[in-house]
Amino acid sequence: MAPSAISPAQQHAQLAFAPKKVKDAAAEVEDRAAGLTKPLAEMMGNWDDFSFAPIRESTVSRAMTRRYFADLDKYAESDIVIIGAGSCGLSAAYTLGKLRPDLRITVIEAGVSPGGGAWLGGQLFSAMVMRKPADVFLREVGVPYEDEGDYVVVKHAALFTSTVLSKVLAMDNVKLFNATTVEDLITRPDPDSEDIGPGVRIAGVVTNWTLVSMHHDDQSCMDPNTINAPVVISTTGHDGPFGAFSVKRLVSMKQLEQLEGMRGLDMQRAEDAIVKNTREIVPGLIVGGMELSEIDGANRMGPTFGAMALSGVKAAEEAIRVFDL
Ligand code: 48N
């Protein structure tokens with residue numbers, strides 16, 4: 001084939017994916033007939049001549065990979081990284097995305113499905129309880145609930161999680177990398193924070209495919225990737241294969257002497273403590289949600305989720321404070 005007439009840089013630019021404007025589905029809403037939009041209503045019952053538009057397999061592959069690798073390139077330098085897309089991490093991402101559309105926000109989630117422990121209430125029951133004033137966040141995001149006086153009930157926990165998740169995913173400045181694990185933290189010397197040993201500032205995260213992270217013991221030399229960011233919010237929860245990741249790493253890198261460990265269940269004490277103490281633990285690293293209970297020795301609250309949502313809001317506020325310093 002003749003050598004390309006354009007430079008490699010121009011070729012890269014052509015390959016660089018410029019997302020087309022997302023078609024506004026709302027434009028079809030006014031066509032509603034029989035409860036469905038008119039085009040869908042007209043499709044039903046007429047399947048004999050039905051067929052999809054033609055496609056070639058490589059087109060599908062390129063549609064996925066161009067976007068993914070364009071995102072990897074773009075978010076390699078992020079303003080804020082959130083580790084863990086549970087109820088706290090997603091609430092932080094929502095709040096940050098809304099307050100600071102100018103910031104480039106990356107969410108890293110080890111699971112294939114984001115949401116952490118918030119797809120169900122307690123003991124796999126469906127309903128999710130949030131104590132007031134967490135109903136303020138539910139109204140902000142648009143999650144319907146039943147008002148029971150001092151607390152509210154979302155009829156299915158997945159309604160909360162899917163609503164917050166959908167709003168976060170629709171934001172132009174937030175990117176979710178799921179099935180991806182943060183397996184270390186990027187650090188820089190920080191002489192101002194000499195608590196124990198040489199102080200460090202957190203300057204980003206080290207990532208790998210979760211399935212790779214789970215097999216370092218039986219397959220060596222699967223090196224990671226990196227994302228630089230001046231601020232990291234860690235909301236990796238208290239349990240699960242990677243739970244409390246960042247605080248455990250701070251101990252192993254001698255930035256924390258020890259973890260106090262999560263205490264027994266006390267709803268009254270636990271939720272106030274988690275929200276009030278969501279904070280910057282070492283320069284550049286903010287911890288929220290149940291991961292925080294592992295540092296502070298806070299009680300667990302069991303199946304109430306208001307503290308997760310509002311800890312996420314507070315973590316977002318802290319992250320903006322640190323970012324704007
Ligand atoms: O839901 P979690 O585990 O954590 P939170 O803090 O958002 O919410 C906690 C909440 O679900 C409770 O535990 C409730 C209130 N119960 C309390 C109690 O007393 O029992 O979400 C953490 C997310 C998960 O999706 C993990 O997969 C993910 O973080 N994760 C990671 N993602 C990327 N890299 C990692 N290293 C990592 N570690 C955890």
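**Reading a predicted model, feature by feature**

Modeller: Start at Cys 221, in the loop that runs between helix 7 (210–213) and strand 9 (225–228). Keep in mind that this model is predicted.

Colleague: How do I read exposure? Is Cys 221 buried or exposed?

Modeller: Look at the relative accessible area. Over 50% counts as exposed. Cys 221 has 75%, so it is exposed.

Colleague: What does the UniProt annotation say about Cys 221?

Modeller: An unreviewed UniProt entry carries the annotation "modified residue: 2,3-didehydroalanine (Cys)", and it covers Cys 221. Such annotations may be inferred rather than shown by experiment.

Colleague: Now Ser 213. Is it buried or exposed?

Modeller: Under 20% counts as buried. Ser 213 has 13% relative accessibility, so it is buried. It lies in helix 7.

Colleague: Which residues does Ser 213 touch, not counting those up to four places away in sequence?

Modeller: Ser 213 touches Thr 181, Glu 183, Asn 208 and Phe 242.

Colleague: How far apart are Met 267 and Arg 131, in sequence and in space?

Modeller: They are 136 residues apart in sequence, and their C-alpha atoms are 9.9 Å apart in space.

Colleague: How should I think about a nonpolar core?

Modeller: In soluble globular proteins, nonpolar side chains tend to be buried together. Here the largest nonpolar core has 72 residues. Ile 82, Leu 96, Met 130, Phe 160, Leu 185 and Ile 233 touch the most other members. Helix 11 (residues 306–323) gives this core its largest share, 8 residues.

Colleague: What is Ile 82 in contact with, beyond its neighbours within four places in sequence?

Modeller: Its contacts include Leu 96, Ile 105, Val 107, Ile 108 and Ile 233. Gly 89 and Thr 235 are also among them.

Colleague: And pockets? How much space lies in the largest one?

Modeller: About 940 Å³. The largest pocket is lined by 46 residues, and Gly 116, Gly 117, Gly 237, His 238 and Asp 239 are the closest to its centre.

Colleague: How does the lining divide into nonpolar, polar and charged residues?

Modeller: There are 18 nonpolar, 25 polar and 3 charged. Helix 4 (87–99), strand 2 (105–109) and strand 7 (180–189) each supply at least two lining residues.

How values were computed:
Residues numbered from 1 in each chain as written. Predicted model: local features only at pLDDT ≥ 70, side-chain atom pairs only at ≥ 80, totals over all residues. Heavy atoms only, no water. Core = buried A, V, L, I, M, F, W, Y, C linked by side-chain atoms within 4.5 Å. Buried < 20%, exposed > 50% of the residue type's maximum accessible area, 1.4 Å probe, protein only. Helix = DSSP H or I, 4+ residues; strand = E, 2+ residues; numbered from the N terminus. Contact = heavy atoms within 4.5 Å. 1 Å grid on protein atoms, 1.4 Å probe; cavity = no way out; pocket = protein on both sides within 12 Å on 5 of 7 lines; lining within 4 Å. Points joined across faces, edges and corners; volume = space filled by probe spheres on them. Nonpolar A, V, L, I, M, F, W, Y, C, P; charged D, E, K, R; others polar.
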